[in-house]
Amino acid sequence: MTERLYWLDPYMHQFTATVIACTAHNGQPAVILDRTAFYPTGGGQPCDRGTLNGIPVLEVVERETDGAILHILAHPLEAREVEGRIDWERRFDHMQQHTGQHILSQAFLRITGAQTVSFHMGEELVTIDLDQIGFPPAAIEAVEELANRVALEDREVRTWFVEAEETKELSMRRPPKKGGRIRIVEIADFDRSACGGTHVRRTGEVGPIKIVKRERRGDVTRVSFLCGWRALRDYARKHRLLLESAGSLSVGEAMLPEAIRTLQAELKETRKALGTLQERYLELALPSLEQRVRPAPFGEILVHLWPQLPSSLLSRLARRLKEGHPRLVILASGGADGLLIVACGPGVPVDAREVLQRILRRLGREGGGGRPDYAQAPLPRVDLPALHRALSEAIRNWGTSD
């Protein structure tokens, strides 16, 4: 059985060991050591990474069949004696996040009565799922304040082992789910639970604890949070964005919400005015476009190109022009958000998608799609003369193959 050095000293990031078995895991070489400081994935905490004799350790897992700890390597390890080095920055980050989770879970239990039912540590966020829903903002603030108070008080974090039956005499937030020898993690005068993860010695090392998101997931609430360096980096990033946003609007940080509300109101009015202008444009443009309609064997055909036109307006024109007519409508606009639309009215024996692709091939483009009676494709920054030629060819050859 491998000696788990990370339980004895989670701050150990260099060690020596002996290879007791070479094996494979999902096609990758792997070794089992007589002792290891590498924490294997489990309990919501990701594994450590690092090197064995300079060979990258890609993953560390505990084998279900016998509990052996497998160190999955980038390439085979030939030596029997090895020197292991842990990625300390990753390890300490996990220690901060996991200890912070214990603090936060106990804070939720004390403030709201909500119990943590699951925990997951990701590369960017850490989450806990709580067995309650509908937390008011004031409760979340109280939980966060209590958690940070415990962190700032720099309380001792202690670990020890007991037998499963002994845990009945301990007041624990999380009783063990299995028998045998149980590892206890205790935050002085605050939290005690069964846990096999790596933790800091004192809560002050956790650093700030910040709740960044909460969302309902069925009958549980998922809370996302950050601790330590993750929280500090997140604060720095968001503060930078706040300063940039305030600067772009020429207001102080405190005035940013009001400035945004003002912009939103102005945008609403602008959209309303734009809608009115677009309706007016439709009224003026439709008669002119109707005059450009030409006869075709199946009925009528209309092709028109604008150097630039909003895509939403182009779509409305196409739908209006094809309604109630055996008419093939091909409309296009250039500009940064250029668009090509092919629309078929009732009785037109043409598939709009085929016509669309025929035009795109002539332009050396691909993409787009739709239905037999309506298809479209984006044409960002298309060459207008080339587009005009492609549309002209579509008029002449719409019924022939390429």
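**Ser 248**

I started with Ser 248 and found it in helix α4, residues 228-248. Helices here are DSSP runs of H or I with at least four residues, strands are runs of E with at least two, and both are numbered from the N terminus. Before going on, I noted that this is a predicted model, where local features need pLDDT of at least 70, side-chain atom pairs count only at pLDDT 80 or more, and totals for chains, interfaces and linings use all residues. Residues are numbered from 1 along each chain as its sequence is written, and side-chain values use heavy atoms, with hydrogens and water left out.

Is Ser 248 buried or exposed? I got a relative accessible area of 57%, so Ser 248 is exposed. (Exposed is over 50%, buried is under 20%, partly exposed is in between, with a 1.4 Å probe and protein chains only.) Its side chain reaches the backbone oxygen of Ser 245 at 2.7 Å. I also looked up Val 117: its C-alpha atom is 44 Å from that of Ser 248, and the two residues are 131 apart along the chain.

**His 71**

Next I went to strand β7, residues 69-73, which holds His 71. His 71 counts as buried because its relative accessibility is 0%. Its side chain has a polar contact of 2.8 Å with the side chain of Thr 36. (A polar contact is a pair of N or O atoms within 3.5 Å; within protein, one must be able to donate a hydrogen and the other to accept it, and residues adjacent in sequence count only if both atoms are side-chain atoms.) Leaving aside neighbours within four places in sequence, I listed contacts of His 71 including Pro 29, Val 31, Phe 38, Leu 52 and Glu 59. Contact means heavy atoms within 4.5 Å.

**Asp 129**

Asp 129 sits in strand β10. At 8% relative accessible area, Asp 129 is buried too. Which side chain does the side chain of Asp 129 make a polar contact with? I found Arg 222, at 2.8 Å. Beyond four places in sequence, the contacts of Asp 129 include Thr 116, Val 117, Ser 118 and Val 220.

**Nonpolar cores**

I then looked up the largest nonpolar core, which has 32 residues; Ile 103, Leu 104, Phe 108, Ile 128, Ile 209 and Ile 211 have the most contacts inside it. (A nonpolar core is a set of buried Ala, Val, Leu, Ile, Met, Phe, Trp, Tyr and Cys residues joined through side-chain atoms within 4.5 Å.) Among the elements that each supply at least two residues of this core are α2, β10 and β14 (209-217). Apart from it lies another core of 26 residues, among them Val 355 and Leu 387.

**Pockets**

Last, I checked the pockets. (On a 1 Å grid over the protein atoms alone, a pocket is an open set of points where a 1.4 Å probe fits, with protein on both sides within 12 Å along at least five of seven lines; lining residues have an atom within 4 Å of a point.) Volume is the space filled by probe spheres set on the points, which are joined across faces, edges and corners. Its lining has 29 residues, and Trp 7, Lys 178, Arg 183, Cys 195 and Gly 196 lie nearest the centre.

The second largest pocket has a volume of about 280 Å³. Which element gives the largest share of its lining? I got β17, with 5 residues.
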